[in-house]
Amino acid sequence: MRPRSLPVLLLALAFSTLAAGQGLPELGRWDTVVVFGESGAPLDNPWVGGLTAPQFSAADLDGDGVQDLFVFDRNGGRVLPFQGCISDVPEAPLTYLYRPDWRTAFPEGMQNWALLRDANCDGVPDVFHNSQSGIRLWLGEMQDGLVAYPNAPTTNLFGNWNFGAGDQQLPLICLNTDIPALDDFDGDGDLDMVTWTETSSTLYAYTGRGATEGSVGCGDTLVWDVTNRCYGMLDEASEDNGLFIGDAHTCGFNVEGPRWESGELTGITRHAGGTAALLELDGDGHLDLLLGDVSYANLIACYMADAVDGQDSTTATNGSWPADLGGEAVSVERFPAAYPIDVNQDGVRDLLIAPNVTFEIDGRRGVHWYRNAGSESQPEWVLESRAFLQDRMIEVGRGAYPAFTDFDADGLPDLVVACKERYYGPGNTPAMLARFRNVGTATAPAFEQLDTNWLSLPDFGVESVAPAFGDLDGDGDDDLLLGDELGNLHLWTNGASPGNPAEYTLTGPAFPSASGDPIDVGQFATPCLFDLDGDGDLDLLVGEKNGVVNLFENTGVGTAEFTLISESAGEILVDNLLGINGFSTPSVLDTDDGRWLVVGNELGHLQVFDLPVNPVEDAGSEWAEVTDQWNGWEEGEFAAPALEDLDGDGAQDLALGIRDGGVTLWHAGAEDAVRGCSPIVDRLDEIRPDLLSNWNPAPNPVSAGGWFSAPADALWLMDLTGRHIARLDGSQGRFRMPHGAATGTYLLRPVTQTTTGAPLLGSARRMVVKADR
């Protein structure tokens, strides 16, 4: 691992470079670094950064005839394109691989919601997105094999409103908290919309004019008529998410000439948000509604039938859909939204259901895939996954704070990721640590996840933690310093003997400064350990909610004692959203050209400041800002940097944690390395043959009690969640499936040993078991 100090004699030599701010390295994405999940299977998209409130659209983004996914995350306005990849192996599942290099094709600055649809029938997906309380549309075109949006719209979308005095051109309404239903609902070839009204109690219907009128509605000119302000003949109760239908329904004022009569609106001023999806739910030949509410975990199915004038109206509702149809009821913690998408591209649309709010949700298991095992006209809804895409990426919860240390003492930097909180329910949001062991080499990193609750932090009651590792007692190994929500620091001492895996014990709760009082920087302490003054021991920088950086000098002898030097080192105050906080997270960039202080902020930017020759002595001076957004990154909010040389080239690489609970990885001095249908992925089977990253059991399927071959001495037999069922010991690569194994699909994972004797988890493979013979 890279030393955390510089010889004093080199500091003056580097000073002129530091003062000029020269030599700041460029970084490229490093998405090709392999990560094995807890089950042992390699993750498809480990370095996405996590998902919080994703919205899904299906579209062919690169013109190859295969459906891709456009994902827009309400949290931070993140644009996340995924390339659809069809395997050459028959019956192999479709894979979606993250393409960050496609993000620049889409409009910048989108907020709240964004969906892709082909509005003008040219075969290219267009972008609909929120603009204040309206809708803005970007028309797409193909450029060099990728969708592009070169022409910015100048206004929001307008429609024809008729309240009795003829058509008026007024903006279409869709509140920024809501998600509209957007599709060709009347089968005339153009797009229609259903959105909640401005009172969020009834639904608007915006009907496209249709291709039968020439270019109007499907071509260069797009026209929508506001045909109903009480679509579905339903309204929502003011005190909960109950719906009034039939005789209990009231509408109030409506547009002129709706297809049915309405009563009086009774002053409903209800809720702060709603979602809508319109599709066939029960196979009766009518499109039905799925409605979500900001305060609830379920979707309400509104089963529709034709009224006498052809207008759909709600005849029944059910709040446990699809349990009423034999499936498993939706439960997505808060404010679910449904997206009709053919996920597995079998020709039938499924449903992806995800939260439409950025708080009090399970960021690790929040995207539910209901596979349609039937047809479009006779759907059958089967819950296929509770963590679609999320279970194939690093995702620790809400707020990821990475750090590097060699916890298994094999000479390679391992990764530890703290989460601010993991949501288990109201009032139950503990902070946790997850370990990712480096199973690569000194020149090619690779990681495997070992756990999700290392050191059992919930037992100690610390919340919103951020880790820093360094030798604080002079015994040659890394100790752990954790910052917490209350602004305190807590010391876990590594008691292992040299050369052995770390053994941590909490020895310094509310760790004191040299004065004897607990270190307290206010709120949300984010520590960083580095030898700032070149005296051979580690000094301490601590970020905090207010956006400043606190500096403590290590004045101890042998064992660290920290003396406060400045509560605002370098006069740093990081950029922030509302001019109030900032949430600074510091790290030191140490290069041959000099040293800089890299500070993440709540906007998701990395600000870089020149470090003086001796930051301890010059803590009261202003440290020059080199850039307010290193590399121009827009990865996600609440950026948390961790710097470490992962490939032995002498330059620090970067792991960047963000609020969405994941991590992105960046390589120093390199071009972007991203995954795709023909990815350039580090060849671990050559680097570490004992990982068995390229193997398959045979035959597959196998009968219960049957024999099969695999290149390993022992295998773990697991269910699809990674739960261990049995250890299978082989003889010369031959294994026997247990006689009692039930029919179904399992995971097999090789078990080998590292040079230190610790288990090495190879990548898992699926094994299908047939009936016992």
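Biologist: Thanks! Is cysteine 174 buried or exposed?

Modeller: A word on the source first: this is a predicted model, where local features need pLDDT of at least 70, side-chain atom pairs count only at pLDDT 80 or more, and totals for chains, interfaces and linings use all residues. Residues are numbered from 1 along each chain as its sequence is written, and side-chain values use heavy atoms, with hydrogens and water left out. Buried means under 20% relative accessible area, exposed means over 50%, and partly exposed lies in between, with a 1.4 Å probe and protein chains only. Cysteine 174 has a relative accessible area of 1%, so the answer is buried.

Biologist: Which two cysteines does a disulfide join?

Modeller: A disulfide is a pair of cysteine sulfur atoms within 2.5 Å, and the structure holds one. Its S to S distance is 2.1 Å, and the partners are cysteine 85 and cysteine 677.

Biologist: How many residues apart are cysteine 85 and cysteine 677?

Modeller: Helices (H or I, at least four residues) and strands (E, at least two) are DSSP runs, numbered from the N terminus. The disulfide of cysteine 85 and cysteine 677 is left-handed, with -90° about the S-S bond. This pair links distant parts of the chain: cysteine 85 sits in strand E5 (residues 78-85), cysteine 677 sits in the loop between strand E46 (663-668) and helix H2 (684-687), and the separation is 592 residues.

Biologist: How many helices and strands does the protein have?

Modeller: The protein has 773 residues, of which 58% count as buried. Its secondary structure comes to two helices and 54 strands.

Biologist: Which residues of strand E21 are buried on the side of Leu289?

Modeller: Strand E21 covers residues 288-293, and six of its six residues are buried. In a regular strand the side chains alternate between the two faces of the sheet. On one side of E21 the buried residues are Asp288, Leu290 and Gly292, and on the other they are Leu289, Leu291 and Asp293.

Biologist: Which residue of E21 is the bridge partner of alanine 276?

Modeller: Two strands pair if DSSP finds at least two bridges between them. Strand E20 (residues 274-279) and E21 pair in the antiparallel sense over six bridges. For alanine 276, the bridge partner in E21 is leucine 291.

Biologist: Which residues does valine 598 contact, beyond its neighbours within four places in sequence?

Modeller: Valine 598 lies in strand E41 (residues 594-600) and is buried, with a relative accessible area of 0%. Contact means heavy atoms within 4.5 Å. Leaving aside neighbours within four places in sequence, valine 598 touches Thr585, Pro586, Ser587, Leu589, Leu606, Gln607, Val608, Trp630, Pro641 and Leu643.

Biologist: Which residue does a cis peptide bond join to proline 322?

Modeller: Most residues other than glycine have a negative phi, and most peptide bonds are trans. Proline 322 is in the loop between strand E23 (312-318) and E24. Omega is about -5° for this cis bond, and the residue joined to proline 322 is tryptophan 321.

Biologist: Is glutamine 132 buried or exposed?

Modeller: Glutamine 132 is in the loop between strand E8 (126-131) and E9, and has a positive phi of about 55° although it is not a glycine. Its relative accessibility is 67%, so glutamine 132 counts as exposed.

Biologist: What is the mean pLDDT of the protein?

Modeller: pLDDT is the predictor's confidence in each residue, from 0 to 100. It stays under 50 over residues 1-21 and over residues 753-761. Where pLDDT is low, the predicted coordinates should not be read in detail. Across the protein, 85% of residues reach 70 or more, and the mean is 85.
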